[in-house]
Amino acid sequence: MIHYDTIIKNGNVVLEDSVQSLDIGITDGTISSLQESITASADKIYDAEGNYIFPGMIDVHVHFDEPGREDWEGFTTGSRMLAAAGGTTFFDMPLNGIPSTTTTEALLEKAAIGKEKSIIDFGLWGGLVPGNESHIADLAAHGVIGFKAFLSPTGNKEFEAADDMTLLRGMKEIAKTGKLLALHAESGPIIQYLTEQTTRQKDITADDYAATRPIQAETEAVERAIHYAEVTGCPLHFVHISSTRAVELIEQAKSRGMDVSVETCAHYLLFSHGDLAKKGAVAKCAPPLRDVDEQQKLIQKVKESQFDMISSDHSPCPASLKDRSLNLLEVWGGISGGQFTLLTMIELALTFDIPFAKVAALTACRPAERFKLTRKGKITIGNDADLAIVDLNQPFHVSADTFHAKHKISLYMNHTFPCTIAATFSRGSLVFRNNDFPASQSRGTWMQTENKPSIV
């Protein structure tokens with residue numbers, strides 16, 4: 001007689017192209033049955049009556065800053081926060097930790113910390129910085145998800161921006177490994193020139209900060225990187241793209257058959273430049289939030305499927321680095337918001353009539369496909385039982401009590417979403433429920449990739 005470890009009953013399951021009322025049977029951390037009604041026995045029953053079940057979110061872009069800066073955010077608080085977001089897998093970026101993940105030794109040190117502390121699965125990015133091109137092959141062999149480089153100053157002395165020759169040489173080495181290069185695509189020279197002009201002023205406004213990082217800085221860097229990729233054959237992934245002009249350049253590259261993908265972040269879709277003007281330091285990011293017209297255009301690009309995935313770019317810091325007494329050129333330029341990506345996308349789906357299947361594609365399916373996580377991203381038999389259960393009848397108010405990051409400083413603070421993450425299952429284990437974490441926690445697995453990233 002069939003017996004399951006867990007049965008999730010009565011949920012509205014978000015599949016690739018539809019939403020269906022199904023029961024989910026889970027055995028050994030894997031989805032083993034999808035039926036209209038499962039009548040078999042199970043060790044545990046979860047009643048999801050009236051709730052929607054999404055594939056667990058895969059956030060390909062977070063900064064957990066450990067080792068070295070765990071006081072900013074670490075794997076313990078960061079992974080709990082993502083579990084509260086309906087997240088079941090994340091990729092940690094190579095900068096902000098000390099040391100940065102630019103050598104195999106640093107990679108293995110970070111992986112050991114992740115395996116000890118993370119309650120959900122994780123992957124690790126390697127870095128491309130001046131002087132570490134010789135480390136790329138070994139980092140790839142040890143299973144980094146891909147590599148990350150900056151085309152503009154990083155604000156981090158441990159992880160320098162890549163000059164043009166570093167970029168070209170690094171791209172050539174990355175292409176040999178079958179991995180991809182993720183790029184923070186803003187033009188360093190444009191930003192440095194405009195910032196030099198602005199620092200002469202006494203009072204720096206939100207308008208002044210935004211003017212130092214215009215859309216032209218993003219499009220110049222995107223176009224240059226695409227040309228370099230054509231020369232070197234390196235697959236690309238553009239992170240946190242904030243302008244439709246940049247999206248269109250990337251679409252043109254795709255139409256020529258280039259291996260390139262693009263993400264934007266939830267905060268570019270939910271907020272605008274007016275929020276920077278109103279809230280100040282907590283809303284500073286790079287690229288900056290754009291005006292309302294650009295924000296609406298980005299949402300349209302989401303509807304038109306011109307983004308491959310949505311990430312959080314969760315980039316937290318201590319309160320001292322977001323001090324409102326500092327001018328906007330001095331405060332830390334990151335948004336702390338990893339808990340709110342899926343909630344944001346569901347809010348936008350309800351507001352702009354975006355199918356839930358598209359939300360699932362952007363937050364789970366497409367990231368899994370791009371990075372060859374073959375058992376993740378879809379609710380289907382044989383996949384890991386990574387599930388986010390969403391209650392559309394229960395609003396979620398962001399407060400210090402409900403935000404699970406280390407520091408309760410966020411652009412999202414006091415925002416009310418029209419839905420709540422009721423529970424999260426990671427490989428069949430209940431890791432989050434009703435704003436709490438079960439006392440007995442499973443540990444996440446380090447997702448090391450070997451295969452070539454897919455062509456999007």
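Trainee: What makes α12 mostly covered?

Mentor: This is a predicted model, and in it 9 of the 12 residues of α12 are buried. Among them are T341, L342, L343 and T344, and M345, I346, E347, L348 and A349 are buried too.

Trainee: How do you know that the span of α12 agrees with its number of residues?

Mentor: The expected span is 1.5 Å times one less than the number of residues. For the 12 residues of α12 that should give 16 Å, and the end C-alpha atoms are 16 Å apart, so the two agree. After α12 comes D353, with a positive phi near 55 degrees.

Trainee: Why is α11 called roughly perpendicular to α12?

Mentor: Helix α11 (residues 292-303) and helix α12 (residues 341-352) pack at an angle of about 90 degrees. Angles of 65 to 115 degrees count as roughly perpendicular, so α11 is roughly perpendicular to α12. Their axes are 12 Å apart.

Trainee: Which residues meet there, in α11 and in α12?

Mentor: From α11 come Q296, I299, V302 and K303, which meet M345, L348 and F352 in α12. The residues of this contact divide into 5 nonpolar, 1 polar and 1 charged.

Trainee: Let's turn to charges. Why is the pair of D308 and K254 called a salt bridge?

Mentor: The closest N and O atoms of D308 and K254 are 2.8 Å apart, and the cut-off for a salt bridge is within 4 Å, so the pair qualifies. D308 lies in the loop between α11 and β14 (309-311) and K254 in helix α8 (residues 244-255), so the pair ties together parts that are 54 residues apart in sequence.

Trainee: How do you know that D308 is buried?

Mentor: Its relative accessible area is 2%, and buried means under 20%, so D308 is buried. K254, at 18%, is buried by the same cut-off.

Trainee: D308 also meets R366 in a salt bridge. What makes R366 count as partly exposed?

Mentor: R366 has 27% relative accessibility.

Trainee: Which residues do salt bridges with shared partners join into one network?

Mentor: That network holds E16, E251, K254, D308, R366, E369 and K378. The structure holds 25 salt bridges, including one of 2.9 Å, N to O, between D384 and K376, which are both buried.

Conventions. Residues numbered from 1 in each chain as written. Predicted model: local features only at pLDDT ≥ 70, side-chain atom pairs only at ≥ 80, totals over all residues. Heavy atoms only, no water. Axes fitted to C-alpha atoms, helices over the stretch in contact; angles between N-to-C directions. Helix = DSSP H or I, 4+ residues; strand = E, 2+ residues; numbered from the N terminus. Parallel < 35°, antiparallel > 145°, perpendicular 65-115°, else oblique. Contact = heavy atoms within 4.5 Å. Nonpolar A, V, L, I, M, F, W, Y, C, P; charged D, E, K, R; others polar. Buried < 20%, exposed > 50% of the residue type's maximum accessible area, 1.4 Å probe, protein only. Salt bridge = Lys/Arg side-chain N within 4 Å of Asp/Glu carboxyl O.
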